[in-house]
Amino acid sequence: MELVTSLLKKNENKILLVVLDGLGDLPCKDGKTPLELANTPNLDKLVKESATGRHIPVEFGITPGSGPGHLGIFGYEPKKYTIGRGVLEALGVGLELKETDVAIRGNFATVEYKNGEVVVIDRRAGRIPTEENKKLIAYLSEHIKKIDDAEVILHSGMEHRFVVVFRFPYPVSEEVETINDTDPQVVGKSPLEPVGKGEFAEKVAKIAKKFVEKVAELLKDNKPANYALLRGFSVKPKMPTFEEKYGLKSACIATYPMYKGLASLVGMELIKFEGATIKDEIETLKKVWKDFDFVFLHIKKTDSYGEDGNYEAKVKIIEEFDSYLPELLSLKPAVLCITGDHSTPCKMKSHSWHPVPVLIKSPYVLGGLSERFTEREVIKGELGMFYAIHLMPMLLAHAGRLKKFGA
Ligand code: ZN
């Protein structure tokens, strides 16, 4: 058992974790970051009575995806628990995966048949419109329901992308991650045959082969999408739930499927609600707050605007969040943590490896070290710089949920 799990004790103290996705940034205007440019009177006040610092999501110099970024914050070593491409894609379209599922990412492609050979001429079928993709998936779903003992579940993604899940009547093995992608990566070549190492992987590879053949048969007269390439065979990683690991009854409030998927991987309860604004999320939080020990509230737009390079919009989202801070504080969480899952600097228009600001509000902090909640100011804080996986034990400690270690 992990040390932190062995030291757990129960109490009524609640923890609220707010993740502003891609929060960390670099100078955008007049040498200032969006957090520095934003007018945040409530955060400015809160930060003075909070512990501050920075976290390294995965490892020094490593740029994480949102998957590893969140796993780290949740205290699951992201280098150990890797989430396969198929699983991530499935979570991204909102599919709930079971222990019995193999998830695979699919691409519609265009092929030609030359002297009995299949030759890929477009690996993305001209990036067909998403609407066209939906029609194809509906058609294929009607005609491919089961292959051998696997139920076939199809779900369209954006443009040429889709997800296929083979659902077996028994738990599946990680062996399937040895199965190669069938995408030859270049045009003018034949798709590769799926091959796996191990008995179960071989079986899944055979099912995948039959699936590709069926798709080719059903779409033979369709243009331009007349074939399927498969990538990222993967299974849901086996990991202890939040309740097993931390003794916390936990919930997730998020608007994007991928984050709900990540939260469901660690066993958080997904709260359903209408709307997609910060206000909608906070209204939802107020309703469910009394029912949980731990709530993870995810705000996506900070990352989206970082990816767009739109620092002005990122500033606005930070200000909007700031305006709701008094409502969060009125819930009187024993511990409130505000951070991001990684940095998404506007000037890079992508995720980055830069450390991410963290704030922990509890009665047991020094505080008074940072004037504002910004990339520069939090460097002065008492938390210093730490790996994200150490965040959860600190939050538990601040909530009085960890016993002394040793006599
Ligand atoms: Zn992210």
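Mentor: Glu77 sits in the loop between helix 4 and helix 5 (85–92); helices are DSSP runs of H or I with at least four residues, strands are runs of E with at least two, and both are numbered from the N terminus. At 24% relative accessibility, Glu77 counts as partly exposed (buried means under 20% relative accessible area, exposed over 50%, partly exposed in between, with a 1.4 Å probe and protein chains only). Val58 is 19 residues away from Glu77 in sequence, and their C-alpha atoms are 8.0 Å apart in space.

Keep in mind that this is a predicted model: local features need pLDDT of at least 70, side-chain atom pairs count only at pLDDT 80 or more, and totals for chains, interfaces and linings use all residues. Residues are numbered from 1 along each chain as its sequence is written, and side-chain values use heavy atoms, leaving out hydrogens and water.

Eight strands make it up, open and with mixed pairing, in the order 10-9-11-1-12-13-2-14; two strands pair if DSSP finds at least two bridges between them. Strand 10 (269–270) and strand 14 (384–387) are at the edges with a single partner strand each, so one side of each has no neighbour in the sheet. Further in, strand 1 (residues 15–20) runs parallel to strand 12 (residues 335–339), with five bridges joining them, and Val19 has Thr339 as its bridge partner. Thr339 also stands opposite Val358 in strand 13. Strand 12 and strand 13 run antiparallel, joined by four bridges, and strand 13 pairs with strand 2 over five bridges, again in the antiparallel sense. Strand 13 has five of its six residues buried, so the rest of the structure largely encloses it.

Helix 3 (residues 41–48) lies across strand 2 (51–56), strand 12 and strand 13 (356–361), at about 65 degrees to strand 13. Helix 4 (residues 66–73) packs on the sheet too, touching strand 1, strand 2, strand 11 (294–299) and strand 12, and its direction makes about 155 degrees with that of strand 1. For these, contact means heavy atoms within 4.5 Å; axes are lines fitted to C-alpha atoms, for helices over the stretch in contact, and angles between N-to-C directions run from 0 to 180 degrees.

Helix 10 (residues 278–288) belongs in the picture as well: Ile278, Glu281, Ile282, Thr284, Leu285 and Val288 are its buried residues. Viewed down the axis, they fall within an arc of 160 degrees, so they line one face of helix 10 (the arc is that of the directions from the helix axis to the C-beta atoms). Their cover includes strand 1, strand 9 (250–253), strand 11 and helix 12 (311–330).

Last, the rings. Phe74, Phe242, Tyr246, Phe294 and Phe296 form one aromatic cluster; rings of Phe, Tyr and Trp (its six-membered ring) pair if their centres lie within 6.5 Å, with planes under 30 degrees apart called stacked, over 60 edge-to-face and the rest tilted. The whole structure has 12 aromatic pairs.
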